[in-house]
Amino acid sequence: MATVRIPPVLRASVGGEKELTADGSSVGEILRSLADDHPQTQSQLFAADGGLNRYVNVYLNDEDVRVLDGLDTSVGEADTLVILPAMAGGSR
Amino acid sequence: MSPSGAEVLREIKSRIDEVDPAVVHEQMTNGSVLVDVRETDEFAAGHIPGAKHVPRSMLESRIEGAVPDRSQHVVLYCASGNRSAWAARTLLDDLGYDSVESMTGGFTLWKDRGYEVEVPRTMSAEQRERYSRHLLLDEVGIEGQQKLLDAKVLLLGAGGLGSPAALYLAAAGVGTLGIVDNDTVDVSNLQRQVIHTTDRVGVLKVDSAEETIKALNPDVNVVKYPVRLDAENIMDILIGYDIVVDGLDNFPTRYLLNDASVRLRIPIVSAAILGFEGQLSVFKPYDGPCYRCLFPTPPPADMAPSCGANGVLGVLPGTMGLLQATEVIKLILDVGDPAIGRLLLYDALAARMTEVKIRRDPDCPICSRAPEDIRDDELGVFPDYEAFCAGAH
């Protein structure tokens with residue numbers, strides 16, 4: 001199963017985990033399986049039309065899935081998906 | 001009786017070719033080599049642009065290094081035209097150069113005619129000592145140190161990221177550090193904002209930072225902006241800076257900064273932190289993606305935790321701020337591979353650094369266009385701006 005890295009802002013939605021494994025052979029299948037297991041992430045990851053929210057970037061290893069095949073990008077067992085929402089944070 | 005020096009010089013001048021500064025000035029780009037034969041201190045005080053320096057006392061041993069091809073045309077000059085005449089004779093008679101001229105009146109006449117003069121920058125003895133560990137590096141050296149001293153870097157915030165960045169950039173001799181921050185020092189800042197001190201709680205951060213920087217390195221000129229960056233002031237503040245160090249804590253200003261920097265073609269070294277994790281990238285307009293290529297729209301307020309107060313491990317902004325300072329220095333020196341088109345992700349708890357690629361978006365609303373086409377009223381605007389800000393504040 002592929003590894004999914006969870007960013008700090010989504011960790012509360014997945015029980016505090018930093019990394020999870022999820023079933024699926026494509027980016028879409030894996031993220032939907034993640035959302036099935038952790039329903040709070042559904043609206044954080046997916047827009048109403050079923051596509052990825054534009055403020056969430058997803059990388060297959062180090063490549064943005066949008067320049068690959070998007071949610072249809074195939075994912076191997078040894079691959080890592082990195083979920084990366086926009087982060088603007090210095091510290092005041 | 002042997003002839004006097006003056007008689008020998010007259011004899012030499014009668015049989016070598018002399019050339020007027022006006023001719024030299026006209027022919028500067030015709031492929032001949034101009035050689036300054038004066039002593040090192042004279043050369044350092046000012047010389048003709050592009051001239052090679054071979055002191056007459058070193059002529060025989062060093063001229064081949066400066067002019068390896070003996071058939072090349074060489075013009076020599078000194079202060080008044082005498083030492084260059086002696087040197088011309090040496091090159092012609094002893095060293096086998098074919099075509100050598102001596103410039104009449106030397107550098108003095110050249111200057112009197114009002115032709116251009118290059119005065120090399122020199123470092124004081126104190127500076128040579130202060131930056132000696134830089135001068136020993138091939139990648140820095142005197143030339144690189146001069147670039148650092150000439151550089152103008154703007155720090156957005158003298159907070160968690162800006163503090164360590166400012167300290168090390170000041171120590172490195174970055175000549176001008178602008179600091180934008182309208183905040184005052186709070187005791188809760190001191191856990192990570194190491195440029196401030198306990199006895200300066202309540203003082204404006206720009207004043208506190210200036211005091212520390214001046215104590216560390218008097219070479220640094222600190223320009224203070226005790227304001228909040230906004231659409232009204234951003235262009236005025238950014239203009240003239242070479243690089244911006246960004247540690248902004250909110251999305252609206254982050255987009256504003258991006259758009260203004262693309263318009264002004266100023267690279268941004270950006271970092272963000274949250275909890276135990278940090279991100280870093282260099283956004284160099286038109287050489288790589290901009291912030292909008294990476295994140296075209298901000299997340300909703302409930303996924304933008306940086307809008308409120310959050311825990312942060314004090315050393316994390318230190319780590320990320322110093323990575324920013326490192327990228328700034330690489331950009332100034334033009335060495336290495338800056339993190340352009342790459343987002344570095346640092347996980348302090350895992351002690352792991354990973355990176356992902358960032359691509360330029362060919363449809364980017366900002367950087368797919370020419371800078372002059374980006375209008376004032378577009379700066380910092382993004383979809384649902386009003387709704388976002390209403391949720392964030």
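What follows is a conversation about this predicted model, in questions and answers. Residues are numbered from 1 along each chain as its sequence is written, while chains are lettered from A and ligands numbered from 1 in the order in which they are written. As the model is predicted, local features need pLDDT of at least 70 and side-chain atom pairs count only at pLDDT 80 or more, whereas totals for chains, interfaces and linings use all residues.

Visitor: Let's start with chain B: what separation do the centres of domain 1 and domain 2 have?

Guide: The domain assignment of chain B places domain 1 at 5-112 and domain 2 at 151-392; such bounds come from an automatic or database assignment. Taken over C-alpha atoms, the distance between the two centres is 52 Å.

Visitor: Which residues have the most contacts inside the largest nonpolar core?

Guide: A nonpolar core is a set of buried Ala, Val, Leu, Ile, Met, Phe, Trp, Tyr and Cys residues joined through C-beta atoms within 7 Å. Buried means 20 or more other C-beta atoms within 10 Å of a residue's own, exposed means 12 or fewer, and partly exposed lies in between, with C-beta atoms placed from the backbone. The largest core has 92 residues, and those with the most contacts inside it are V153(B) and A166(B).

Visitor: Which helix gives the most to this core?

Guide: Helices are DSSP runs of H or I with at least four residues, strands are runs of E with at least two, and both are numbered from the N terminus. The helix that gives the most to this core supplies 8 residues and spans residues 315-333 of chain B: α15.

Visitor: How many residues are in the second, separate core?

Guide: This second core is separate, and its members include I63(B), V75(B), A87(B) and W110(B). Its residue count is 23.

Visitor: Now the contact between the chains: how many residues does it take from chain A?

Guide: Two residues are in contact if their C-beta atoms, placed from the backbone, lie within 7 Å. Chain B gives 32 residues, and the elements giving two or more of them are α13 (251-264), β10 (268-274), β11 (277-283) and β13 (352-357) of chain B. From chain A, the contact takes 19 residues.

Visitor: Which are the edge strands of the open sheet of 8 strands in chain B?

Guide: Strands pair if DSSP finds at least two bridges between them. The sheet has mixed pairing and the order β8-β7-β6-β9-β10-β11-β12-β13. Two strands of chain B pair on one side only, and these edge strands are β8 (221-225) and β13.

Visitor: Which residue stands opposite Q279(B) in β12(B)?

Guide: β11(B) and β12(B), residues 342-347, run antiparallel and are joined by 4 bridges. E277(B) stands opposite D347(B) in β12(B). Opposite Q279(B) stands L345(B).

Visitor: Which residue in the turn of the hairpin of β12(B) and β13(B) has a positive phi?

Guide: These strands pair in the antiparallel sense over 6 bridges, with L343(B) opposite V356(B). The hairpin has 4 residues between its strands, and the one in the turn with a positive phi, about 50 degrees, is A351(B).

Visitor: Is R265(B) buried or exposed?

Guide: R265(B) is found in the loop between α13 and β10 of chain B. Its phi is positive, about 55 degrees, although it is not a glycine. Because R265(B) has 11 C-beta neighbours inside 10 Å, it counts as exposed.

Visitor: Over in chain A, what angle does the direction of helix α2 make with that of β2(A)?

Guide: Chain A has an open sheet of 5 strands in the order β2-β1-β5-β3-β4. Helix α2, residues 27-37, packs on this sheet and touches β1, β2, β3 (56-60) and β5 (80-85) of chain A. With axes fitted to C-alpha atoms, for helices over the stretch in contact, and angles run from 0 to 180 degrees between N-to-C directions, the angle is about 115 degrees.

Visitor: Is V9(A) buried or exposed?

Guide: V9(A) has its place in helix α1, residues 8-11 of chain A. Its C-alpha atom is separated by 10 Å from that of T41(A), 32 residues apart along the chain. Because V9(A) has 20 C-beta neighbours inside 10 Å, it counts as buried.
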